[in-house]
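Please open the structure in your viewer and keep the sequence beside it, so that each selection can be followed in both places. The tour goes from one stop to the next, with something to select at each.

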Amino acid sequence: MSGQQSHWDVVIVGAGPVGGYAAYRLSQNGISVLLLEEHAEIGKPFQCAGLVNPGAMKKVDLENTILSQVNGARMYSPSGIEVKIGRPDAIRTHVVCRKLFDEGVVRKGLEVGAELWLKSKPLDVSINPENVSLTIQKQSEKISITASLLIGCDGAHSWVRRQLKMGKPKEFMIGYQVEVTGYRGVDGYLDMFTGNDVAPGLFAWAIPNGKTHRIGVWSRAEDLDGRSCEQLVEYLMEQSQWSDRFENCRETARFCGPIPCGFVPKPWNQRVILLGDAGGMSKPTTGGGIGPGFEAVDSVLDGLLSGLNRNKLTEKDMKKIAKPLMGMRKRQEKARALRDLFVTSCSDDELDNHFEIFSKPEVIKLINEEGDIEKPVPLGMTLLRKVPKFRPLALKAGFAILKSR
Ligand SMILES: Cc1cc2nc3c(=O)[nH]c(=O)nc-3n(C[C@H](O)[C@H](O)[C@H](O)COP(=O)(O)OP(=O)(O)OC[C@H]3O[C@@H](n4cnc5c(N)ncnc54)[C@H](O)[C@@H]3O)c2cc1C
């Protein structure tokens, strides 16, 4: 233990994509960072469909991890009405190898000076006015260290969040996915299926992934009505009206995991902040957590740097530093209200009605022009304003958005 550094500016618990990105951005700015990862390897195990939007990819420049590109989507109503959006010449999102992506992000942090301890996790923490004290299990050793700031990037079941009693994410979705060969899809398009039989309240997907497809579903526990997500995927592949597309599929892998959507009420404390899944920051509209996690890191970066440099990280300072997260939370809550209105609170018949409207050429044109998966609120509002058949929903939307504030 002699010679071991015992104080760090920042200790980050969890070397997933968000912890890796936080380590990268802080180290790049001269902050000493220790990254703790409980597993022996980065990026394993993972539960992810691998969608990384171009904005998030640009922040880390890891194009070498891309397996395929998505130019559009074919979306299906419960009775099978198809809505095809996107253009072959525009990339909507990338599909990455998640292990390579996570490794790449963490490597960027290490290249600019962060230190990584694998097979290491905190056993105990105490928050003091002048620092954070931690006892770390590092492989077979127990080590005491201090930090000026603790960042919890330790995923959906965050130890930091639970240990410091920082509340719970608003919604916990369950995601389940199999990887298959032999799916009959269309190059460059991901398929989305709706309806109570295959994806109550949300949607199921088939995502092109180079030589394979990722077939999955996510749902809220309360909508499952006694079924498991595994049973929903089996139903989609074997009994649904789309089952012929899966006839020649052979499974090569399967994953299951929680998706925390909805910021914890207060993702900060004196000398502590939660980022990424630990703080419940995945999008309620898609379940994507990488883009919002990176955005959360960037939004608080300047505040954290200034707080660290001046050693001003009291509860009051942290509240100010974390303010941009509250803006993100507001936007996500509005998106959730529109999601509920258009999809989650709808019966299959109502969903069919919505798809009927979505499938009109003038509406598809509008979606293609204004549709940005990153900004569902402006698109939702445009649809409510410009599509006469959606007008009856506009009043409800207004109330729902007001309530979401
Ligand atoms: C089926 C499914 C599909 C998904 N598809 C997508 C998608 O296509 N696109 C997308 O953007 N998101 C997707 N997500 C969500 C995405 O996987 C997460 O939002 C993302 O991984 C969050 O990153 P993170 O770094 O916050 O947490 P994580 O990726 O969970 O990383 C947390 C890290 O912390 C480590 N850790 C945990 N506890 C401790 C501890 N006590 N000590 C030390 N280390 C610890 C873990 O081992 C892990 O390495 C999907 C999720 C599921 C379940």
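How many residues has helix H8, and how far does it reach from its first C-alpha to its last? Select residues 323–344, and you have helix H8, which has 22 residues and reaches 29 Å between those two atoms, close to the 32 Å expected at 1.5 Å a residue. The expected span is 1.5 Å times one less than the number of residues in the helix. Helices (DSSP runs of H or I, at least four residues) and strands (runs of E, at least two) are numbered from the N terminus. Among the buried residues of H8 are Leu325, Arg329, Leu338 and Phe342; a residue is called buried if 20 or more other C-beta atoms lie within 10 Å of its own, exposed if 12 or fewer, and partly exposed in between, with the C-beta atoms placed from the backbone.

Before going on, note that residues are numbered from 1 along each chain as its sequence is written. This is a predicted model, in which local features need pLDDT of at least 70 and side-chain atom pairs count only at pLDDT 80 or more, while totals for chains, interfaces and linings use all residues.

**The domains**

Colour the protein by its domain assignment, which gives domain 1 (7–47 + 99–169 + 262–321), domain 2 (68–95 + 171–260) and domain 3 (332–404); such bounds come from an automatic or database domain assignment. The centres of domain 1 and domain 3, taken over C-alpha atoms, are separated by 35 Å.

**The ligand**

Select the shell and you will have 37 residues, of which the closest are Gly14, Gly16, Gly155, Gly276 and Gly289; a residue is near the molecule if its C-beta atom, placed from the backbone, lies within 6 Å of it. Helix H1 (17–28), strand E12 (171–181), strand E16 (250–261) and helix H6 (290–309) are the elements that give two or more residues to this shell. By type, the shell divides into 14 nonpolar, 18 polar and 5 charged residues, where Ala, Val, Leu, Ile, Met, Phe, Trp, Tyr, Cys and Pro count as nonpolar, Asp, Glu, Lys and Arg as charged, and the others, Gly among them, as polar.

**Helix H1 and its surroundings**

Stay with H1, which has 12 residues and reaches 16 Å from its first C-alpha to its last, close to the 16 Å expected. Because 11 of its 12 residues are buried, H1 is largely enclosed by the rest of the structure. Its buried residues pack against strand E1 (7–13), strand E2 (33–36), helix H2 (54–60), helix H3 (98–111), strand E11 (141–152) and H6, a contact being two residues whose C-beta atoms, placed from the backbone, lie within 7 Å. After H1 comes Gly30, whose phi is positive, near 85°.

Next, select E1 and E2, which pair in the parallel sense over 4 bridges; two strands pair if DSSP finds at least two bridges between them. Val11 stands opposite Leu34 in E2. Val33 and Leu35 point one way from E2, whereas Leu34 and Leu36 point the other way, and all are buried. In a regular strand the side chains alternate between the two faces of the sheet.

Now move to Val106 in helix H3, which is buried because 24 other C-beta atoms lie within 10 Å. Leaving aside neighbours within four places in sequence, Val106 is in contact with Ala15, Gly20, Ile42 and Leu116.

E5 and E6 form a hairpin with 5 residues between them, and Gly80 in the turn has a positive phi of about 105°. E5 is also joined by 5 bridges to strand E13 (residues 189–195), with which it runs parallel. Select Tyr76 to see both partners: Glu82 stands opposite in E6, while Phe193 is the bridge partner in E13.
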